[in-house]
Each structure stands twice: as C-alpha cells, then as structure tokens.
Amino acid sequence: MGMSNAELLRKAAGPVGTSDFIAQSGLLAPEQSSAFLDAVYTATEFNGLCRHVTRRAKSGTIAKIGIGRRLLRRKTAGVDDAQLAKAMHTDVAYQTVASRLDWEVEEEVYQENIEQEGYEEHLARLMTDQVGRDLEDLHFNADTADTSADAAFLTQNDGWLKQIAAGGSGAHRVNGGSINSGSIAKGHFFAAVQALPNKYATDRLRWLMSPTNISRYIEYLTERETAAGDAALIAGNLTQIAGIKVQQVSALPNNRILLADPQNFIAINTREIRRRKTTEGREAIRRDMRFYAIFLDDDMIIEEMDAVADVYGLAA
C-alpha cells in the first residue's frame, strides 16, 4: 500500500548542508528574483501592504525625504520675502542578514504519490509560501537576544517590535498594562490615537492586531449593551476601531497592538537569491535523495519611528 500524501510530506523534511550545491550557483536572474519575491510576499496579507525595497548591496541606506509643514505664505505683489521651502533629506541604515531554507526528499516519494513529478513543484510552492510566512514572523519578532526554544530562528536579526521598543524618544509607547489591568478595552485604542502626532493621522493608518486580540475586542464589545456590541456580535468580525481600519497580522504577539501606516515598515532584500537543487553527489546516491535549498538576504527597518504608536504590556 502506498503512502498517503501526509506521510509523504513528513518524509520530505530534514536538514541538508550546502556542499552538494557548489557545482551549480543557482543564482536567479533579476526577473526570476522579482517573481520569487512576489510569490513570497503574497503569502500573508500584511506582506502585501508593507513596503518592499530590493537592493544590490547587502548593506547601505534608504533615503528619506521630508518637506516640513505650514509652508504657505501670503503673496504680496512686488515683494520677495526670500522664504524658500527646502526638502530635508535623511537616511535609514540597513544591513541584510543571509537566511536559508533547505529540505530533502526521498526519490520514492515521487513514485508513490498521486501527483508524481508534479509533487516537486507542489512542494516548492509550499516552501516558497513558508518563506513568506517566516519572513513576516522575523520582521516583527526577530530578537538577537532571544533565548527561547525558537532562538535559532529569532536571533537572525532584530525585528520591528524590538526596534520600536528600543526607539527611545522617537517611539510613542503606551503601557497597556496600566489600562483595564491589561485586558483589551477601548481605552487602549484611545490612548494610542492620542499618543500619535496629529500629522500622521491619515486614511493610511491601520490597527495592526493579532487574530486573538481582534477576537478579544469583539468579545469585549459584545459584552456591552450598545449598537456597536450588537453589530460585532452579528457580523463576527472587526473592520474599524475609532474610524481606523483594522489589519490582522498573525505574526504579532497578543501583548502588542500597533497603530501605523503599513508603508512605514520596510522589508529589504538583495537581488542575490539562490534556489538550488541536486540529485547528484555521494550522499544523494547513497541515500537516494534529492536536496533543495533557498538562500536570500533580508532586513527590516522602520522609515519613521515617530509615526508609530505601540500599545505594549497587554495580557498575552
């Protein structure tokens, strides 16, 4: 009796080194790199909303441009008051980190599944999708000081949440634990709106919330005998809070809520992306395996720290 697809998928997992791939670089052409990144960044909804920058250099800066505010002046005929508006240029540094995803598959897997050779392409799509989900997770949660069971994953970089927490005077942080004992309530959202400077209050703002926090707030609303509570109970979802749209982000922890423009979060990749495969070499022959690997460089930065409100200390 042949193996089920679930069993075949389990057999497809396992670590592999890069020594078998030296003979073939696997470097994708620029258009292939773009297509791969497009596929990666459709894996999650937020990946499609944040800003993506592709660079040739593994480190460098992203230029910011600003023009200030209250620039208009009264026009007086025949008078030049020498008041000129100037663009302000600043830079945000980035430093990409090399990451990899590798896997191996026994040759018999390709013979004992209903997709036959189509299974290889199916698995490649699954791995590409997981790269996208893992990158979103890293972008938010990476922490070089992490010592948890996931340290091998999380310590690759410092993600957006770590950057916000270390943002100093530029970060607008609200201690959620001091409001309603950390249980999610309307006070958390009002405090975040009031913490964010008025100049960033545009229609691009989003509440970035975990699925659990969205559910908790719906539950909070339904416990109140109001029209909003009744509507939340009937609809079973949450689209806006205080007139600002809600964006679900599965990678966000339950103890944080962010108020920001998703385009303020920047994911940076280089064009040097490799996808490698080999069925040759002593190990491949002896073990009757196919080996695969994806390599890419990645970093995450926040363009304007002043444009983010962070509610922390919520009940996890």
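Residues are numbered from 1 along each chain as its sequence is written, and side-chain values use heavy atoms, with hydrogens and water left out. Because the model is predicted, local features need pLDDT of at least 70 and side-chain atom pairs count only at pLDDT 80 or more, while totals for chains, interfaces and linings use all residues.

The protein has eleven helices and 13 strands; helices (H or I, at least four residues) and strands (E, at least two) are DSSP runs, numbered from the N terminus. Of its 316 residues, 40% are buried. Here buried means under 20% relative accessible area, exposed means over 50%, and partly exposed lies in between (1.4 Å probe, protein chains only). A contact means heavy atoms within 4.5 Å. Among the contacts with a separation of 6 or more, 77% are between residues 24 or more positions apart.

The structure also holds 16 salt bridges, a salt bridge being a side-chain nitrogen of Lys or Arg within 4 Å of a carboxyl oxygen of Asp or Glu. One of them joins the side chains of Glu 107 and Arg 290 at 2.9 Å, N to O. This pair links distant parts of the chain, since Glu 107 belongs to helix α4 (residues 107–111) and Arg 290 to strand β12, 183 residues apart. Both Glu 107 and Arg 290 are buried.

A second salt bridge is formed by Lys 162 and Asp 143, whose closest N and O atoms are 2.7 Å apart. Lys 162 lies in helix α7 and Asp 143 in the loop between α5 and α6 (151–154), so the pair ties together parts that are 19 residues apart in sequence. Lys 162 is partly exposed, with a relative accessible area of 29%, and Asp 143 is partly exposed at 21%.

Asp 310 is in strand β13 (residues 309–312), and Arg 256 is in the loop between β8 (244–248) and β9 (257–260), 54 residues apart. Asp 310 is buried, with a relative accessible area of 0%, as is Arg 256, with 11%.

Glu 136, in helix α5 (residues 118–141), presents another case. This residue is buried yet has no salt bridge; the nearest side chain of opposite charge, Arg 133, is 6.9 Å away. For charge, Lys and Arg count as positive and Asp and Glu as negative, while His and the chain ends are not counted. Not counting residues up to four places away in sequence, Glu 136 touches Thr 44, Phe 46, Asn 47, Val 249, Ser 250 and Ala 251.

Trp 160 is found in helix α7 (residues 160–165) and is buried, with a relative accessible area of 1%. Beyond residues up to four places away in sequence, its contacts include Phe 46, His 139, Phe 265 and Ile 302. Trp 160 and Ile 302 are 142 residues apart in sequence but 6.9 Å apart in space, C-alpha to C-alpha.

Finally, the largest cavity is lined by Val 97, Ser 99, Leu 138, Gln 156, Asn 157, Asp 298 and Met 300. On a 1 Å grid over the protein atoms alone, a cavity is a set of points where a 1.4 Å probe fits but cannot get out, and lining residues have an atom within 4 Å of a point. Strands β4 (97–106) and β12 (289–302) each supply at least two residues of this lining.

Technical notes:
1 Å grid on protein atoms, 1.4 Å probe; cavity = no way out; pocket = protein on both sides within 12 Å on 5 of 7 lines; lining within 4 Å.
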